[in-house]
Every structure is written in structure tokens, then in C-alpha cells.
Number of protein chains: 2
Amino acid sequence: MKNGGSPDAAAVEEYFRALQDRLCDALESLDGGKKFTEQKWRHRAGAGGGRARLLSGGTVLEKAGVNFSAISGDSLPTAASARRPELQGRAFRALGVSLVVHPRNPFVPAAHLNVRFFVAREKPGDEKTTAWWFGGGFDLTPVYGFAEDARHWHRTARAACKDFGGDCHARCKAECDRYFYLRHRDEMRGVGGIFFDDWNRGGFTDSFAFCRSVGDHFLPAYLPIARRRMDTPWGGRERAFQSHRRGRYAEFNLVYDRGTLFGLQSGGRAEFILMSLPPRAEWRGDFRPQADSAEENLARDFLQPRDWAE
Amino acid sequence: MKNGGSPDAAAVEEYFRALQDRLCDALESLDGGKKFTEQKWRHRAGAGGGRARLLSGGTVLEKAGVNFSAISGDSLPTAASARRPELQGRAFRALGVSLVVHPRNPFVPAAHLNVRFFVAREKPGDEKTTAWWFGGGFDLTPVYGFAEDARHWHRTARAACKDFGGDCHARCKAECDRYFYLRHRDEMRGVGGIFFDDWNRGGFTDSFAFCRSVGDHFLPAYLPIARRRMDTPWGGRERAFQSHRRGRYAEFNLVYDRGTLFGLQSGGRAEFILMSLPPRAEWRGDFRPQADSAEENLARDFLQPRDWAE
């Protein structure tokens with residue numbers, strides 16, 4: 001077994017950089033017009049930086065961000081590991097790719113993917129006390145819900161998990177439902193997907209393979225849904241509801257999202273971290289959907305945990 | 001001295017209810033068209049509730065919320081008192097009026113006012129261990145900065161403080177600059193104003209008088225500025241910049257604002273607590289102001305602490 005299970009950050013970085021390229025190519029093809037622009041950035045404190053890529057104002061993609069980052073720091077922030085507070089304050093290295101897609105057509109759902117790899121050391125260079133783990137997942141946020149889309153999304157998520165233990169999908173699906181939850185609204189951000197954190201199951205080789213499987217299953221999960229919905233006609237009513245729902249998306253990311261908090265806490269650049277925010281959001285304060293409309297039923301039918309993969 | 005300095009929640013409630021009425025009347029006059037609609041709500045846990053008033057879609061006021069609330073609970077949330085963590089978990093009563101104005105014209109600044117009164121008891125009915133304090137303030141958030149407006153705003157704020165100790169204005173001004181600060185952007189939310197918390201200086205009678213002075217000075221501070229700017233012509237460029245700046249406003253309220261966190265933590269109703277959010281916000285991700293424009297210079301000239309009252 002290559003690397004015999006010891007963590008190989010260089011291999012992860014190589015995969016992450018190539019994944020960013022692949023995701024950007026596929027999204028440019030989907031949009032069919034606009035291209036990504038790249039900004040390289042250096043980390044404010046610590047070392048490292050990233051390649052932030054933004055596609056803005058496309059016909060299909062109103063805003064899409066695909067960021068790669070590789071940073072090191074002297075002190076792991078609190079948001080990095082929810083379950084292992086003992087690692088706080090250690091020297092660390094963090095690699096990650098984050099993707100957020102906000103399509104223009106309200107019938108095309110927003111999508112999010114993240115894969116990340118952390119190494120935390122007691123002292124710089126002290127390998128004996130090194131802890132490492134993967135995290136990530138993907139989740140889907142429809143404005144208008146379609147059972148067909150939710151089923152395809154979750155079946156592809158299940159396929160991403162199938163070689164990694166009998167409970168892998170159930171566990172990652174449940175974690176996703178728990179994580180993307182707006183407590184103050186008592187609703188999920190979207191229809192969920194899979195989410196994992198503090199993952200080092202079966203050693204490095206297996207864990208890295210799982211991380212790659214999640215990264216590789218995103219496009220097969222998303223592109224068929226986007227292509228199926230992108231030509232659906234829409235007007236002011238659908239656009240207004242999209243802006244309203246994007247308000248909830250912004251609420252989640254700013255109030256709850258650990259990745260956002262980690263980025264801000266670790267001294268990352270706000271303009272890139274907050275690239276995940278929707279291009280436009282509305283809080284009119286008096287939004288009232290028509291009785292028994294798709295808008296009114298969204299939360300009831302799609303924003304509660306449900307077993308879509310069956 | 002009436003009440004000899006012992007806390008009189010009934011008198012505070014009477015003042016707060018009347019203040020809400022006065023503020024709504026003045027804002028309806030300013031708008032000249034739309035009226036406030038009221039929703040009464042009951043607190044989910046605990047006791048009490050509030051009167052949430054919203055004016056939406058006016059000619060001058062795109063969105064204005066003026067809320068009165070009076071709630072009681074068994075356990076004071078962490079966000080209620082930053083300086084006295086020992087009060088956490090006590091039975092409490094909280095009264096407050098909150099106002100947020102988001103004008104339509106980008107040359108009219110957004111404004112915020114809050115006044116609040118807390119009583120925390122060791123045990124229900126145990127007056128000996130009662131702690132009470134006032135909090136509040138008002139602050140101004142321009143999209144386009146005008147020194148004339150900032151001076152008028154801060155001079156009126158200074159006038160609100162003048163009978164309450166020689167250091168009152170300087171202290172409340174500095175607290176405001178510290179509080180309305182977006183660390184991740186390294187800029188203030190706006191030009192500031194005054195802010196106070198945990199205030200029981202000179203006993204109840206004096207503290208209540210200070211709270212009333214702040215409440216009473218809001219309209220003289222804001223109305224002249226709104227009237228001066230509300231007929232300034234504006235177009236797509238100004239509207240786009242307003243939406244961009246409103247994104248920062250939403251970031252502050254969702255990431256940092258203690259009143260928002262207190263509301264969500266104390267089981268308040270999200271739709272009313274988040275009435276403070278702007279009607280529309282944009283995060284385009286690639287906003288670049290023209291060199292040396294009013295848009296580019298806003299942060300440098302207006303969003304850093306400055307002594308405007310001189």
C-alpha cells in the first residue's frame with residue numbers, strides 16, 4: 001500500500017489542484033459563455049495562500065466560486081475541529097477546495113462542494129504527535145424542489161460512499177442533515193447530501209480514497225440536474241422567491257457555517273471566503289407565498305431530512 | 001425623587017411603547033405614502049411578546065422596522081450582558097425598542113436605534129439580588145458619505161449625552177466605534193454614533209433619564225439628514241453600490257450583532273429579529289469601484305473612527 005497509511009499532503013495537494021481545474025472546466029462548459037477569472041492570494045498571517053476563481057454574470061451561472069487554498073499556521077482555530085478541542089492552538093496545515101454555484105435560473109438548484117485535509121502537530125516537525133483528518137461533502141439547495149432531482153443527487157452521493165463501509169452513506173447523510181440546519185428557522189438549508197469531518201477511518205490511503213470519491217462524484221451528481229432545469233422558463237415571481245431563499249442561504253453561511261468561520265478566524269481573505277454568498281439576497285420582511293403553492297410547500301416537502309436515495 | 005432610584009419597569013415600558021408610536025408616526029410622515037403594519041407576537045418559551053411593525057416598499061423608505069418587545073425568561077442568554085457573565089442563567093425581564101431604516105435612495109443613510117432595559121434576578125421575586133441595566137444607542141450607515149451629515153448626527157448624539165456626565169459622550173462614542181466594527185473587513189459598519197450597555201450610572205432615575213434622552217434625540221438626529229438627501233437623483237450605479245454596501249450591513253448583523261444573537265438565543269421569532277436585514281443585498285464577488293470615486297473613498301473617509309462632533 002503506497003505510503004503505508006502515513007499522511008501524504010503533497011498527494012492531496014496534487015489531487016485538490018487538479019480537482020479545481022476539472023470543476024472549473026465543467027462549469028465553464030455548462031455556462032457556455034463566461035470564463036473563470038483567477039486571483040492568487042497570500043495568507044495574511046502564517047504561510048501559504050490560494051487560487052480563488054470566480055465566474056460572475058454568466059447566462060447559466062450567475063455566480064460560481066471554486067477556490068483552492070493551502071495554508072499553514074501556528075495555531076489551529078476553534079472552528080477547524082468541532083470534535084477534538086484538544087487540537088486547538090497546534091501548528092497546522094490545511095488544504096482545501098471549495099465550490100459554490102449560484103445559478104441564474106431559479107429552477108436550477110444552488111450547489112456546494114468542499115473537500116479538505118488537515119494536519120495538526122504538537123510541535124513543528126514532531127511527527128509522533130501528528131493528527132490528520134479529512135473533511136468535506138456536497139449538498140444541494142433548490143429554490144423549487146423536484147423529487148427527481150433530490151433522488152438523483154442522493155443516489156449519486158450514496159454511490160460516492162459505497163466502497164467505504166456499510167454505514168458510510170447513512171452516517172454522512174445524517175451528518176449533512178444535522179449540519180446544514182438553520183435552527184432559528186427550523187429548516188434545512190436545502191435537501192442535503194453528504195458531509196464528513198474528522199475522518200481518518202482505515203488509515204490515510206482509505207481516507208484519501210474516500211475524499212477523492214466525494215470530489216469525483218460531484219459533477220455526475222450536479223450536471224444532469226443543472227442541464228435538466230436550465231431552460232425552464234421563469235419570471236419575476238420565481239426570481240423574487242429565489243432572492244428570498246438566497247437570504248436564508250446567506251443566513252446559514254454567516255451564522256452557522258464552520259468553513260466560513262474557520263476562514264475568518266484563520267486570517268483568510270474575507271472577499272474570497274465570502275465568495276460563497278449569493279449574488280443577490282432579499283429580506284423584504286413581508287414575503288407571503290400563495291397558499292399551497294410550490295413556494296409555500298418547499299419547506300414542508302424538501303427542507304426536512306428525508307430518505308431520498310431509496 | 002420618584003422611586004428613589006429603584007427600578008421601575010412599568011415606567012420604562014410605558015416610555016418604550018410611546019416611543020415606538022412616535023417613531024412610527026414620524027417615519028410614516030417622512031415616507032408620505034406607506035403605513036406601518038403591526039404583528040403582535042407571543043414569546044415561544046418564557047412569557048411576554050411584542051409588537052413588530054414593518055413599513056415595506058415605500059417611496060422614501062424601502063424598508064423600516066420598529067419593534068417593541070417585553071419578554072421574561074428563566075435563564076438570561078449569554079448575549080444579554082457581555083461584561084457580567086455571572087448573570088447568565090438568571091431569571092430576567094427584558095424590554096426594548098429597536099428601529100432600523102433602510103431608505104430607497106442611496107444618498108439617504110440607513111439608521112439604527114435601540115433602547116433596552118434588563119432586570120436579572122437570582123430567584124424569581126428575590127429583590128435583594130436584582131441587577132438591572134439599560135443599553136442602547138443609535139448609529140448611522142451611509143452608502144455615500146457626507147461630512148455635513150456625519151457632523152449633524154454626532155452633534156445631536158453629543159447633545160443627547162450632555163446632562164449625564166462629562167465623559168458620557170466620549171465614552172458612548174468610543175463604544176459605538178468599537179461595537180459596529182467588521183473585523184473581517186477592517187471597517188466600521190457606518191459613521192457610528194453612540195452606544196451604551198450595562199448602564200446603571202447614578203441609579204435608576206438618572207439612567208432612565210439618559211435612556212430617554214437617547215430615544216428622544218433619534219428623530220432630531222435623523223430626519224434632517226433624510227430630508228436633505230431624499231430628493232437627490234440616483235441611478236443604476238448608486239443602486240448597485242447601495243446593494244453592495246447592504247451586503248456588509250447583513251454581514252455585521254448576522255456575524256457580530258449582540259441584539260440579533262440575543263433575540264435568536266432567547267427564542268425570539270426569527271422573522272422579527274431579522275427585520276433589521278436590508279431589503280436587498282448583493283455579493284457579486286467582483287465589485288470594483290472606480291479609482292478615487294465616492295464609492296472607493298467611502299471606507300477611507302467615513303468607515304474609520306473620527307471625531308465628527310467637533
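Which residue forms a salt bridge with B:Asp149? In this predicted model, the partner is B:Arg229, and the closest N and O atoms of the two sit 2.9 Å apart. B:Asp149 belongs to helix α2 (residues 147-161) of chain B, while B:Arg229 belongs to helix α4 (residues 203-229) of chain B, so this pair ties together parts that are 80 residues apart in sequence.

Helix α1 (residues 9-31) of chain A and helix α4 (residues 203-229) of chain A have axes that come within 11 Å and cross at roughly 5°. Angles under 35 degrees count as roughly parallel, and α1(A) and α4(A) are therefore roughly parallel to each other. On the α1(A) side, the contact is made by A:Ala11, A:Val12, A:Tyr15, A:Phe16, A:Leu19, A:Arg22, A:Leu23, A:Ala26 and A:Leu30. The residues that α4(A) brings include A:Phe204, A:Phe208, A:Cys211, A:Phe218 and A:Leu219, along with A:Arg212, A:Asp216 and A:Arg227. Sorted by class, the residues of this contact come out as 15 nonpolar, 1 polar and 4 charged.

Next comes the meeting of the two chains. Here, 25 residues of chain A are in contact with 25 residues of chain B. Between them the chains bury about 2300 Å², with 56% of that on carbon and sulfur atoms. Which residues of chain A lose the most area to chain B? They are A:His184, A:Leu254 and A:Trp283, and together they account for 25% of what that side buries.

Chain A and chain B share 3 salt bridges, and 11 residue pairs between them are in polar contact, both residues being at pLDDT 80 or more. The largest share, 4 residues, comes from α5(A). By class, the side of chain A that touches chain B has 12 nonpolar, 4 polar and 9 charged residues.

Note on methods
Residues are numbered from 1 along each chain as its sequence is written. Chains are lettered from A and ligands numbered from 1 in the order in which they are written. This is a predicted model: local features need pLDDT of at least 70, side-chain atom pairs count only at pLDDT 80 or more; totals for chains, interfaces and linings use all residues. Side-chain values use heavy atoms; hydrogens and water are left out. Axes are lines fitted to C-alpha atoms, for helices over the stretch in contact, and angles run from 0 to 180 degrees between N-to-C directions. Helices (H or I, at least four residues) and strands (E, at least two) are DSSP runs, numbered from the N terminus. Angles under 35 degrees count as roughly parallel, over 145 as roughly antiparallel, 65 to 115 as roughly perpendicular and the rest as oblique. Contact means heavy atoms within 4.5 Å. Ala, Val, Leu, Ile, Met, Phe, Trp, Tyr, Cys and Pro count as nonpolar, Asp, Glu, Lys and Arg as charged, and the others, Gly among them, as polar. Buried area is the accessible area (1.4 Å probe) that two parts lose on being put together, summed over both. A salt bridge is a side-chain nitrogen of Lys or Arg within 4 Å of a carboxyl oxygen of Asp or Glu. A polar contact is a pair of N or O atoms within 3.5 Å; within protein, one must be able to donate a hydrogen and the other to accept it, and residues adjacent in sequence count only if both atoms are side-chain atoms.
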